[in-house]
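Let's take a walk through a protein model together.

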Amino acid sequence: MISRLRGEVVTRSPSGVVVDVGGVGYLVNPTASLRSRAQPGGEVVVETYLHVREDTLQLFGFADAAERELFELLLSVQGVGPKVALAIVSGSSPAELRRAIAFEDTDRFQAIPGIGKKTAQRVVLELKEKLGAVGEADEPTPLAPKPHLVARDALVELGYSVPEAEEALAGTDPEAPPEERVRQALKRAA
């Protein structure tokens, strides 16, 4: 199995990134973070996953091992194939996705094209058991209020889509109460 590549980026196109390693060009389907980092002519280190089917071999590329690990976990969920798993991993950082799973935030997954309500619920249910606790001492427990979700839901009620609300909240103080975060997000948008 091809687990890692280090080489020169030959091309970057909608179909993927070609990495030249010792004279052999590997076509890699990258995550968004890897695609932005892979500049033609520059050197890149790519964590990879080789997906094997009867009729094709596909090489998926990740910016780091955490992205690849989450991708592999997503593949274990019924109804999630490699393209959908890549879209999920490309949409947010691994830490944000783990937090969304721990807090059972199915809306974050439903906002990704190709994922419906049932698949989002399956992702959360199956991966919550596999990932266990988020592991951060200052995180609220799943039974405690989830201030980030309260703020995001308030923005959604005001007409934002889930990704727009997440983006708006990214520029606010994460320690502030939900009401203040919504105010900050609305001020920045004005």
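What follows goes from a helix to the cores, then to rings, salt bridges and a strand end.

First, some ground rules. This is a predicted model, where local features need pLDDT of at least 70, side-chain atom pairs count only at pLDDT 80 or more, and totals for chains, interfaces and linings use all residues. Residues are numbered from 1 along each chain as its sequence is written, and side-chain values use heavy atoms, with hydrogens and water left out.

Start with helix α6, which runs through residues 117–131. Helices (H or I, at least four residues) and strands (E, at least two) are DSSP runs, numbered from the N terminus. With its 15 residues, α6 reaches 21 Å from first C-alpha to last, close to the 21 Å expected at 1.5 Å a residue. That expected span is 1.5 Å times one less than the number of residues.

Which residues of α6 are buried? They are Thr119, Ala120, Val123, Val124, Leu127 and Leu131. Buried means under 20% relative accessible area, exposed means over 50%, and partly exposed is in between (1.4 Å probe, protein chains only).

In soluble globular proteins, nonpolar side chains tend to be buried together. Here, the largest nonpolar core has 26 residues, and Phe71, Leu74, Ile88, Phe109 and Leu127 have the most contacts inside it. β5, α2, α3 (82–91), α4 and α6 each supply at least two residues of this core. Apart from it lies another core of 11 residues, including Leu5, Val17, Val28 and Ala63. A core here is a set of buried Ala, Val, Leu, Ile, Met, Phe, Trp, Tyr and Cys residues joined through side-chain atoms within 4.5 Å.

Zoom in on phenylalanine 109. Leaving out residues up to four places away in sequence, Phe109 touches Ile88, Leu97, Ala100, Ile101, Ile115, Ala120, Val123 and Val124.

**Rings that meet**

Phe71 turns up again among the aromatic pairs. Rings of Phe, Tyr and Trp (its six-membered ring) pair if their centres lie within 6.5 Å; planes under 30 degrees apart count as stacked, over 60 as edge-to-face and the rest as tilted. The count comes to three aromatic pairs. One of them is phenylalanine 60 with phenylalanine 71, tilted, 5.3 Å centre to centre and with 35 degrees between the planes. This pair links distant parts of the chain, as Phe60 is in strand β5 (residues 57–62) and Phe71 in helix α2 (residues 65–75), 11 residues apart. Phe71 also forms a tilted pair with phenylalanine 62, at 4.9 Å centre to centre and 50 degrees between the planes. Phe62 counts as buried because its relative accessibility is 0%, and Phe71 has 0% as well. Together, ring pairs link Tyr49, Phe60, Phe62 and Phe71 into a cluster.

**Charged partners**

A salt bridge is a side-chain nitrogen of Lys or Arg within 4 Å of a carboxyl oxygen of Asp or Glu. The model has 11 salt bridges, and here are three of them:

| Pair | N to O distance |
|---|---|
| Lys128 and Glu104 | 2.6 Å |
| Arg152 and Asp107 | 3.6 Å |
| Glu166 and Arg152 | 3.3 Å |

Lysine 128 lies in helix α6 and glutamate 104 in the loop between α4 and α5, so this pair ties together parts 24 residues apart in sequence. Is arginine 152 buried or exposed? Arg152 is buried, because its relative accessible area is 2%. Salt bridges that share partners join Glu96, Asp105, Asp107, Arg108, Arg152 and Glu166 into one network.

**One last stop**

Finally, find glutamate 43 in strand β4 (residues 43–52). Glu43 counts as exposed because its relative accessibility is 63%. Not counting residues up to four places away in sequence, Glu43 touches Arg6, Gly7 and Glu8. Glu43 and Arg6 are 37 residues apart in sequence and 7.2 Å apart in space, C-alpha to C-alpha.

Conventions. Contact = heavy atoms within 4.5 Å.
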